[in-house]
Amino acid sequence: MTNVEGVADWDGRGLPPVAAERMRRAAEGAAWTSLLSAPAAAGLEVAGFDPAGEVMGSMVQRIGWSTYYGCGASGWYGARAQTITSGRHPQAGFAPYAHALESGWATAVGRMITEAAGIGADGVVGVRLSRQSLGNAVHEFTAMGTAVRARSATRPGRVFSTHLPGQDVAKLVLAGWMPAELAFGIAVGIRHDDWNTRQQRTWTAGNVEVGAYTELVNDTRADARMLLQHRIRAVGADGAVIASLGLSTWEIEPGEGHTDHVAEATIVSTAITQFHRSREAPSRSLTYLPLKRSRS
Amino acid sequence: MTADPTQLGIPEDAMRRLAEMRPGQATSLFTSDLSVNEFLLVREAGFRPLGLVLGSSIYHVGFQFGRWNKNQELEVLSQAMYHARELAMTRMEVEADQLGADGIVGVRLDIEFKEFGSDLAEFIAVGTAVKSDHPAPEGRTWRNNRDQPFTSDLSGQDFWTLVQAGYAPLGMVMGTCVYHIAHQRFWQAMNNIGQNVELPQFTEALYDARELAMSRMQAEAEALHAEGIVGVQLRSHGHRWGGHTTEFFAIGTAVRPLRADHHIPTPQLVLPLTD
């Protein structure tokens, strides 16, 4: 609590002063810390990586749903509504909301990578991502993981990052694959409830697919997947293993008698790249039967 | 691990590859919902992941009129649960077909009731589309008898073991039955107070409902000319319908034999040092 004035002076560039100070001590060779479990540490040892230290990045921002007009369809209730997604309509009224989510994760991960680079690490494994609401539309985005250094003469020229724990990284590396970067696909979509949609929701409608909501969630997810593909291509990787596939939907009422539905899709993954070009993987699995009580 | 990692150039080659990465190099990208274990085992079984495939449907479940003092299937609800899952599954299969896949592994079927409507639910099917490096034995295709990609809810580990043992998945098969168990009449309830007795009406209702779900699943497997069904799960879901109405849902993977014998190498016994 002594350096509150120092925090207030920080202009948002680089790392906050306390984090920069911790990294300076770590780079000078203070005892390293890690978030690794025992199997993760053993796996990294086998694959040729040494832990360098625990790293984290965080970012707090206010994210308001900034569009007063919702989908923008107010006034004409007879017309058939359209699904508007952030990926295909970058100028949509709610675009700042989608950008805020993207920059929240990108900034938190970026600060974590800066810390790792500062202590001379080659990558960060076992990255945990969390988003916490602090009330009043203020959210904290956090990324934390364990920085590692490869026992190799070549330096990769970039800091790799992955959500995979150390033992999974080891299995991938021994099979000829290398994690490259945490890759996100984030999209937001909105759709006005038109007359047709309202009819499909009444209790007399019977068994019926609600076409508008189905389109909304499918288009929003499709957008997130498209953006993820672009990201993996931009990284230069060969593919990605997905960590989570999240979707939330909610209802907003931007005006009297005007209801819209919003969908938010977030895909978190690690882009991976193949360095072993032969057809057969270098390691083969053994079939074994563990001598322990099975769970069922 | 028998080989020495440093002899294989690990992590030297891995670091070199990272240093050489350039944007937009890859010709075909894949995304996969599999865990690392599953991903590596699917590769070892001779399949390449093509991409994550997904199908979804938001469905309005209709209102059921019924006589609540009688054991009965609630057909409107059964149909809704079946139709919506079918929509989601079919959309996932279409995505896989467009990628030119031989099959879909690790399929998950989920239902999520939405906050903004009590009778609205999203039905979602997610899996990883795969393509084989080699045709199936005897020059046959891996696709099923409808020339559609096979589907399977087996994990990558189970899929690997199944293929090793000389079986191929044909498709996920399912059956559902939403059943209402009659409310007890007043005098019945009075007679049973303080006694440990079987309630034959309840027992019979549960037998009936499960039988309907399982026989529907079997009928689907027969339509695929399957030899059998593996990994069957028989679940019961209360969803949002209260204590007397339950969905009985049977799901499994229909399989066909790839060869006459089904031997796999005898597994080694190991004693793990972890829980």
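**Close-up 1. B:Ala226 in a loop of chain B.** B:Ala226 sits in the loop between helix H6 (200-223) and strand S8 (228-237) of chain B. Helices (H or I, at least four residues) and strands (E, at least two) are DSSP runs, numbered from the N terminus. This is a predicted model: local features need pLDDT of at least 70, side-chain atom pairs count only at pLDDT 80 or more, and totals for chains, interfaces and linings use all residues. Residues are numbered from 1 along each chain as its sequence is written, while chains are lettered from A and ligands numbered from 1 in the order in which they are written. B:Ala226 counts as buried because it has 22 C-beta neighbours inside 10 Å. The cut-offs are 20 or more other C-beta atoms within 10 Å for buried, 12 or fewer for exposed, and partly exposed in between, with C-beta atoms placed from the backbone. Not counting residues up to four places away in sequence, B:Ala226 touches B:Leu170, B:Ala221, B:Ala254, B:Val255 and B:Arg256. Contact requires C-beta atoms, placed from the backbone, within 7 Å. B:Asn145 is 81 residues from B:Ala226 in sequence and 9.8 Å away in space, C-alpha to C-alpha.

**Close-up 2. Strand S2 of chain B and its partners.** Strand S2 (residues 47-60) of chain B is mostly covered, with 13 of its 14 residues buried. S2(B) pairs with strand S5 (residues 120-132) of chain B over 13 bridges, in the antiparallel sense. Pairing means that DSSP finds at least two bridges between two strands. B:Ser57 stands opposite B:Phe123 in S5(B). Two bridges also join S2(B) to strand S7 (residues 208-209) of chain A, again antiparallel. Here A:Val208 faces B:His60.

**Close-up 3. B:Tyr82 in helix H3.** B:Tyr82 belongs to helix H3 (residues 75-98) of chain B. It counts as partly exposed because 18 C-beta neighbours lie inside 10 Å. B:Tyr82 and B:Glu211 are 129 residues apart in sequence and 16 Å apart in space, C-alpha to C-alpha.

**Close-up 4. The contact between chains A and B.** Chain A gives 69 residues to the contact and chain B gives 63 residues. Helix H7 (residues 211-235) of chain A supplies the largest share of the chain A side, eleven residues. By class, that side has 38 nonpolar, 18 polar and 13 charged residues. Nonpolar covers Ala, Val, Leu, Ile, Met, Phe, Trp, Tyr, Cys and Pro; charged covers Asp, Glu, Lys and Arg; the others, Gly among them, are polar. Strand S10 (residues 288-290) of chain A runs parallel to strand S10 (residues 268-270) of chain B, joined by three bridges. A:Pro290 has B:Val270 as its bridge partner.

**Close-up 5. Helices H2 and H4 of chain B.** The axes of helix H2 (residues 36-44) and helix H4 (residues 156-164) of chain B come within 8 Å and cross at roughly 20 degrees. Axes are lines fitted to C-alpha atoms, for helices over the stretch in contact, and angles run from 0 to 180 degrees between N-to-C directions. H2(B) and H4(B) are therefore roughly parallel to each other. Residues of H2(B), including B:Phe39 and B:Leu41, meet B:Gly156, B:Gln157, B:Phe159 and B:Trp160 in H4(B). The contact residues divide into five nonpolar, three polar and two charged. Angles under 35 degrees count as roughly parallel, over 145 as roughly antiparallel, 65 to 115 as roughly perpendicular and the rest as oblique.

Key
Two residues are in contact if their C-beta atoms, placed from the backbone, lie within 7 Å.
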